[in-house]
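Visitor: Please take me through one part of this model in close detail. I would like the packing inside it, residue by residue.

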Amino acid sequence: MDLRLLVIAVPVADVDRSLAFYTEQVGFHLDHDVRPSPGMRVAQMTPPGSPCSVVVGEGMPLGEPGSTKGLQLCVDDIDVARAGLAARGVDISEVQQLGPEGTPGSRFAFFADPDGNGWSLQELPA
């Protein structure tokens, strides 16, 4: 039996602000933004090249805004990816070496969404 992780829910305080951040600054594709019932809104976005999507919304039990930490985006070239995010206004850390130099997967950069949900970039060539 396959267990495929395809959607991650991220709690946010303001859906419109979050959509702007994730689509305009981080570069996620907006898959849908629907209101299935009064008081409920579901917006789903997918990072380019990823099979896993991110859901934000209203009226869903997602937890406290900003409480999600450790979300990770893997990229082939962290220097290029970091520069692109910084150019679009994302407050992202410098690249950090968190393991022996030259070890695959040991270079990271960190950022947070407007609510404080924590993300990292990890250089992990395909």
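Guide: Contact here means heavy atoms within 4.5 Å. The model is a predicted one. Start with Glu123, in strand β8. Beyond its neighbours within four places in sequence, Glu123 is in contact with Val75, Asp76, Asp77, Ile78, Gly105, Ser106 and Arg107. A polar atom of the Glu123 side chain lies 3.1 Å from the backbone nitrogen of Ile78. Glu123 counts as buried, because its relative accessibility is 16% and the cut-off is under 20%.

Now the nonpolar core. The largest one has 23 residues. Tyr22, Val26, Phe28, Val56, Phe111, Trp119 and Leu121 touch the most other members. Elements that each supply at least two residues include α1 (15-26), β7 (107-112) and β8 (118-123). Helix α1 gives the most, with five residues.

Next, the aromatic rings. The whole structure holds seven aromatic pairs. Phe21 and Phe111 form a tilted one, 6.4 Å centre to centre, with 50° between the planes. Phe21 lies in helix α1 and Phe111 in strand β7, so this pair ties together parts 90 residues apart in sequence. Both count as buried: Phe21 at 6% relative accessibility, Phe111 at 5%. Phe28 and Trp119 pair edge-to-face, at 5.9 Å centre to centre and 75° between the planes. Phe28 sits in the loop between α1 and β2 (29-37), Trp119 in strand β8, 91 residues apart. Phe28 and Trp119 are both buried.

Leaving aside neighbours within four places in sequence, its contacts include Tyr22, Val54, Leu71, Ala109 and Phe111. Phe21, Tyr22, Phe28, Phe111 and Trp119 form one aromatic cluster.

How values were computed:
Residues numbered from 1 in each chain as written. Predicted model: local features only at pLDDT ≥ 70, side-chain atom pairs only at ≥ 80, totals over all residues. Heavy atoms only, no water. Core = buried A, V, L, I, M, F, W, Y, C linked by side-chain atoms within 4.5 Å. Buried < 20%, exposed > 50% of the residue type's maximum accessible area, 1.4 Å probe, protein only. Helix = DSSP H or I, 4+ residues; strand = E, 2+ residues; numbered from the N terminus. Polar contact = N/O pair within 3.5 Å; in protein donor to acceptor, adjacent residues only side chain to side chain. Phe/Tyr/Trp six-rings, centres within 6.5 Å; stacked < 30°, edge-to-face > 60°.
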